[in-house]
Amino acid sequence: MTVEEPAGHLVPAPDSTPDEVLVAGEWRRGNGAPVETVDPATGRTLAVLAGADAADVGEAARRAAVAAADPAWRELPAHRRARLLHRIAELIEDGAGRLCALQTADTGKCRAETLALVHSAAGTFRYTAAVLETAEDAVTPARGDYVTLSVHEPIGVIGAITPWNSPIASDAQKVAPALAAGNAVLLKPAEWTPLVALALGRIVHHALTEAGLPAGLLSVLPGPGRVTGDAIVRHPAVGKVTFTGGTRTGRGIARLAADKVMPVSLELGGKSPTIVCEDADTEQALAGVLFGIFSSSGQSCIAGSRLFVARSRYDAFVGELVDRARKLRVGPGTDPDTQVAPLVHHAHRDHVAGYVDLARSEGARVRCGGAPPEGERYRDGAYYLPTVLDGLPHSARVCQEEIFGPVLVALPFDDEDDLVAQANDTVYGLACGLWTRSAATAWRLARRIDAGTVWINTYKQFSSATPFGGMKDSGLGREKGQGGIRAYQRQKSLYWGTAATPLPWAGS
């Protein structure tokens, strides 16, 4: 595998070859089908991995259960577990340049974005370490002659299944709190983008070995979801699954989890409204809408893919938006001038193009884009132009279904009730952006829109300290925040008798 590497060295140095996976602390070739990962900017094969199959998952799960139960890990004081998380963050930061280049090659994303994702991953480990050091159990009010305690214990083995659109940040968002809670983790990265998860696995493996902790606490198991992911969800040693990805797959995981009576957390799809009110600051709203949909090439669950503009401003605002979208710079993620990078895979580019063709058949006006860019520079890549559609009713499929690409659908609204009715007319409820100068309007709309996150006069800002998740078909549960660790633990109640006399059935 050849990946351009800027200055900076990954610490520790890779201790496996590019075709190996991590099975309970052991680097080796998987027993499953080959997993090919391709540079979306060129179509060039980066690596072919021997993926993990059900047998690999079974071995990883069994050894993970042993590692999770090892007193060296289970009884490790919180401050020492936090020290491990800080060490992982340090190693991520030391290797930021290489991790950034690796992710750009694997996903096609712009370097600025992949570097931000690497630092986000390090920040997640640091924040989680801080929460772990300050987490408290409780002495609850007693109603008799006893002391009552509420304590939290690890679940055991966690299955973490992550998406291809922001690998290392998504990986950290699951691995950090799961380890902090005292669990072992089976991490299954997306089949299209496994390389950064494997690099993170090397870092975590190094930190565990350095600290003398059980090697089986982390496995990284690339492979097809229908094989590797399914085996993780079904394995009896796995006590919880956390999944980020498509709603259809999330429903299937939820059904399997119900059969096991196993908790799940699901961060699923979105069709997020982005709202420009009549009093919105034009420049602020234009920049926010463009960034909200076209950054990450629209490959984001929280992309602002449905634009609602007050009817009195609709024509002027959308016209200016289209002019600016045409000027966005499309190119490879390695070019520092690129604003819209290629999509993750040629098959996904074709999927996005299919939705635009569907919109045309439904009567949409393609205001800009609507095709791959032309020219030698783009010939072999999975590129697609920033696209703005309008002229459709809100019932149209492209207004209702998640496209996951650089495609924006614009619609007018007449008043606040009309806006809320349209914005909430979707199975999703993940995010929302709104632009207004009125605090009262912002408050009313933020409370009325069905969304787990609402951005006001900004978009796509994140904090490790702020819970994130969706409503309706956008998922179950929350990640991040002070409750993030508790999501990977089981609560136990203890009663400690203090009565001077025995219970009445003590006998004579």
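User: Which residue in β22 is the bridge partner of Pro154?

Analyst: In this predicted model, Pro154 has Gln489 of β22 as its bridge partner.

User: How do you know that β6 and β22 count as paired strands?

Analyst: Pairing requires at least two bridges between two strands.

User: What is the strand order of the open sheet of three strands?

Analyst: The order is β5-β6-β22, and the pairing is antiparallel.

User: What makes β5 and β22 edge strands?

Analyst: β5 (138–140) and β22 (489–497) each have a single partner strand, so one side of each lacks a neighbour in the sheet. On average, neighbouring strands here are turned by 30 degrees against each other, direction ignored.

User: Why is α8 called roughly parallel to α9?

Analyst: Helix α8 (residues 225–234) packs against helix α9 (residues 247–260) at an angle of about 25 degrees, with the axes 9 Å apart. Angles under 35 degrees count as roughly parallel, so α8 is roughly parallel to α9. Their crossing is right-handed.

User: Which residues make the contact between α8 and α9?

Analyst: Asp230, Val233 and Arg234 of α8 make it with Ile253, Leu256 and Lys260 of α9.

User: How many residues of each class does this contact of α8 with α9 have?

Analyst: The contact has three nonpolar and three charged residues, and no polar ones. Val, Leu and Ile count as nonpolar, whereas Asp, Lys and Arg count as charged.

Note on methods
Residues numbered from 1 in each chain as written. Predicted model: local features only at pLDDT ≥ 70, side-chain atom pairs only at ≥ 80, totals over all residues. Heavy atoms only, no water. Helix = DSSP H or I, 4+ residues; strand = E, 2+ residues; numbered from the N terminus. Axes fitted to C-alpha atoms, helices over the stretch in contact; angles between N-to-C directions. Parallel < 35°, antiparallel > 145°, perpendicular 65-115°, else oblique. Left-handed = near helix turned anticlockwise from the far one by under 90°. Contact = heavy atoms within 4.5 Å.
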